Amino acid sequence: MSMISKENFSETLKFWPRHNEALYRRLESKNSWLEERRGPREKGDPDPLENEMVLNIGPQHPATHGVLRCAVRLDGETIERCAVDIGFLHRGIEKMAENKTYQEYMPYTDRMDYLAPYANNVGWCLAVEKAAGIEVPERAQWIRMLMSELSRITSHLIWMGVGLMDAGAVSVFLWTFRYREDLYTIFDHVCGARLTVSHSRIGGIASDIPDDAIDLIEAFVADFPDAIRGWEKLLNRNRIWIDRNVGVGVLSREEVIALGMTGPNLRGSGIPHDIRVFEPYLKYDEVDFTVPVREDGDCFSRYHVRMEEMKESLKIVRQCLEKLKTVRGPIRVDDAKRSYPSKDEVYYSMEGLIHDFMYTDTGVCPPRGIWSYHAVEAPKGELGFYIQSDGTGRPFRARINAPSFSNIQGLEALMEGALIGDMVMLIGTIDPVLGEADK
Amino acid sequence: MATGRSLPFHFTPVDGPRQTEAGTNPHAKDTTFVPDTVEALQGRFGGAVLEVFLYAGEHTVYVDRSSVVDVCRFLKEELSYEYLADLGGIDLFTDEDRFEVFYNLVSFSAKKRIRLKIRVPEAEPVAPSITPVFAAANWNERECWDMFGIRFDGHPDLRRMYMPEDFEYHPLRKEFPLLGVPGSLPLPPQAPEAGLTLDPFAAAHGSKPVKSFQEARSDLADQ
Amino acid sequence: MAPDPVTGGEGFLTTRVDAVLNWARSNSLMPMPMGLACCAIELMAMADPKYDVARFGSEAMRFSPRQADLMIVAGWVSYKMAHTIRRVWDQMADPKWCIAVGACASTGGMHRCYGVVQGCDNFLPVDVYVSGCPPRPEAIIHALMDIQEKVRNEYTAADDSGSGDRRPEPAPLRPRVLTPGGDRVISPVALYDQENL
Ligand code: SF4
């Protein structure tokens, strides 16, 4: 093993040399190897401090909301060029999907957008149900919808807490986490897990929603509007918050479409595109809600969109609670070829046990040679799953259209021309989750 | 024909096709059913539209690889499909036309969605880049290059998306093992003075983690 | 008035420097949260008002490795990220400790796939492993208490001053590395020069 002396120490620590070189080449900077130069500076080299500077932000930086790396070229305080590098959480879940049964793969979707796992579960299950043509009982649909909306609130809460912490207000983080803990308790009662819920099943859901959870949700719904009102009072006319948000990160209608951004980023620029309205799934065509849209396209309008969305989610949650009182019935399809049999059947009948075994082993098999795509409106935007089947119990190809991936793509354009001090606001405002973007 | 194409991977018993469900899918959406657009494409591009596939109320149009940019431009400029929702690759693992690339386009005003597909042969895995038409395709095409090794002609910046450039393989190809190729990705040094490790499953091969009290002092910390 | 139970009414107490140092150290661990994935969300929850890690003196999360002495790796570690983590670890000042939070950081967990290092102990000396996917904040706090106990029982002053017993020479770290070409020792130079390997 070659020993490394102090002299060539930094040389050895230079990891992924080709990768970094390509990234720096992208910045088109003459001082690219500022951090990891090869050898000492030559006589004729330009002084890096004179005009431009290359700065590496992340992947381990508290404001990057995960492991996002931005290599930026600065001119003074202005970002001239930005190269975003993702993939630090890449584990190949699309590859893993090809090696798992459809049901087995569902827990992996929890770990994509881990701020709103329930929405991902629902998205995957709906995609498989579309590919296999499975109809879901009504009660399950209402419960899925209720929980998806609650998970939208958890996601927006963390966006708010962390976003404001980036702007310097740590106390908001503590407040939002108080309500997140309430929601976690609800998830805990419904699913048995706080974060990675894995509650949705293909053809329905795992278990009915217990009564104490309904009480908790009702208490939360009664309590939460007050909290939002308080935060809006604090923030809407807050001088610091306005100064840091208004006119920062402006994206026009044409730009957001061209960059392919989704979700609140799209709606913050005046495009009323929401999958819940565009192609209604579950029971979204039966509830009454509006899609909040703002026209300005800056960070402040995106902030407003997300705040309004939380209120709209509460509205949907209330309607779901109302509906759940009257809509009774099964929570999973009664067809053991398409969905898990109930635990009663499994424990007390031979067929149930065999079916359970078969479903775990093979599971649902969509027809051979088909493909389909189903999208849901996750808190971050359009989350779609494209499934191609070869007739077996495992997807031949599962493609995940992750909203954060599309949104981070817009980040590069958003950063170029902005001030370095606004960088944390810009990353916060597009609300990326790297687990999802990195697949 | 696309429906009858046999895919060579069978991990589990094969369930027979249930084509009857195609028309009555409970999750079929109005947005994806676009016969008008398909007709317009066929009228305009004729032979370049290879075949049309319909399942669960979703239209997929296979177009010729060379004309995909024109098709996209036509869809964008004349049929108002202005938004690229998704782009990705598929490895069919067949002998000819091994790869596919699909494009998922959305029209906000018409409330429609259409999927285009092109086929890409293994011998020449190159597809034309649609970034001049849809700038949003940039990262998706990079991802496709990273995962499948399909090059995109005319792409402004074809780097790998997820894996480091130092990685040589394209992991979503079917022949790439799930657990990776040993030695393809180095682990960091085990101690400040040690070298990189080439073995991705070091623990499986008997490597013991270093206890912190045994660890050599880090020079970097003193600096 | 009853005599003070600690000082026995004498107004002073005697102890070893080590014990005081370790006691002080254990109650003011400065974590460097290497939050990578889902477990990082539970790590954040650990600091929230409900779980309140400030009770253990570790609420001051330090994102700069120079100011931290406890690295909490929370989430799966990809090969691409591993080098960064190791580099951050190398920059932390001694003494330092490491917690692997969750199944992924401990063993690779459910992500048995090409991109993920199967346990961050492949390149980091981990002191405490926390099971769970994700572990509840209570479990992470428990890990923190384990670290505190470890710190209190450590005998470090002799090493630090250099006057006591010398620290034993560390065992050879990784005597052999399996390379695709057999059991050969490899140098970093050869690594990027695959043809001549
Ligand atoms: S252990 Fe589970 S929760 Fe934690 S990072 Fe891994 S997958 Fe996520």
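## The contact between chains A and B

In this predicted model, the contact between chain A and chain B draws on 79 residues from chain A and 80 residues from chain B. The size of an interface is often given as the accessible area lost when the parts come together. For chain A and chain B the buried area is about 7000 Å², and carbon and sulfur atoms give 58% of that area.

Seven salt bridges are found across the interface of chain A and chain B, and one that joins these two chains pairs A:E98 with B:K174, whose closest N and O atoms are 3.3 Å apart. Polar contacts across the interface of chain A and chain B come to 30 residue pairs, counted where both residues have pLDDT 80 or more. On the side of chain A that touches chain B, strand β6 (residues 368-378) of chain A gives the most, with eight residues, while the residues of that side as a whole divide into 38 nonpolar, 20 polar and 21 charged.

## A buried aspartate at the interface

Where in chain B does B:D86 have its place? The residue belongs to strand β3 (residues 83-91) of chain B, and with a relative accessible area of 0% B:D86 counts as buried, because the cut-off for a buried residue is under 20%.

The side chain of B:D86 reaches across to chain A, where it makes a polar contact with the side chain of A:R399 at 2.8 Å. When neighbours within four places in sequence are left aside, B:D86 is in contact with A:Y373, A:R399 and A:N401 from chain A, and with B:F102, B:Y103, B:N104 and B:N140 from chain B.

The buried residues of α4(A) are A:Y102, A:Q103, A:Y105, A:M106, A:Y108, A:T109 and A:D110, and they pack against both helices and strands of chain A, namely α3 (93-97), α5 (117-132), β4 (200-201), α15 (350-361), β7 (381-390) and β8 (395-401).

In helix α17 (residues 423-430) of chain A, eight of the eight residues are buried, and so this helix too is largely enclosed by the rest of the structure. Its buried residues are A:M423, A:V424, A:M425, A:L426, A:I427, A:G428, A:T429 and A:I430, and just after α17(A) comes A:D431, which takes a positive phi of about 55°.

## Salt bridges within the chains

Over all chains, a search of the whole structure finds 48 salt bridges. One of them joins A:E129 and A:R144, with the closest N and O atoms 2.8 Å apart; because A:E129 lies in helix α5 of chain A and A:R144 in helix α6 (residues 138-166) of chain A, the pair ties together parts that are 15 residues apart in sequence. A:E129 and A:R144 are both buried. Another salt bridge, at 3.0 Å from N to O, is formed by the side chains of A:R139 and A:D208, and this pair links distant parts of the chain, 69 residues apart, with A:R139 in helix α6 of chain A and A:D208 in the loop between β5 (204-205) and α8 (211-235) of chain A. A:R139 counts as buried at 5% relative accessibility, whereas A:D208 is partly exposed, with a relative accessible area of 33%.

In chain B, the closest N and O atoms of the salt bridge between B:R98 and B:E175 are 2.6 Å apart. The two residues lie 77 residues apart, B:R98 in the loop between β3 and β4 (99-107) of chain B and B:E175 in the loop between β7 (151-153) and α4 (219-222) of chain B, so that the pair links distant parts of the chain. B:R98 is buried, with a relative accessible area of 3%, whereas B:E175 is partly exposed at 46%. Back in chain A, salt bridges that share partners join A:E149, A:R152, A:R267, A:D274, A:R276, A:E309 and A:E377 into one network.

## Chains B and C as a whole

The secondary structure of chain B comes to four helices and seven strands, which run α-β-β-α-β-β-β-β-α-β-α from the N terminus on. Of the 223 residues of chain B, 61% count as buried, and the chain exposes about 8500 Å², of which carbon and sulfur atoms supply 52%.

Chain C has seven helices and four strands, in the order α-β-α-β-α-β-α-β-α-α-α from the N terminus. Buried residues make up 50% of its 197 residues. Among the contacts in chain C with a separation of 6 or more, residues 24 or more positions apart account for 74%.

Notes. Residues numbered from 1 in each chain as written. Chains lettered and ligands numbered in written order. Predicted model: local features only at pLDDT ≥ 70, side-chain atom pairs only at ≥ 80, totals over all residues. Heavy atoms only, no water. Contact = heavy atoms within 4.5 Å. Buried area = accessible area lost by both parts, 1.4 Å probe. Salt bridge = Lys/Arg side-chain N within 4 Å of Asp/Glu carboxyl O. Polar contact = N/O pair within 3.5 Å; in protein donor to acceptor, adjacent residues only side chain to side chain. Nonpolar A, V, L, I, M, F, W, Y, C, P; charged D, E, K, R; others polar. Buried < 20%, exposed > 50% of the residue type's maximum accessible area, 1.4 Å probe, protein only. Areas by Shrake-Rupley, 256 points an atom, 1.4 Å probe, with all protein chains shown as cover.
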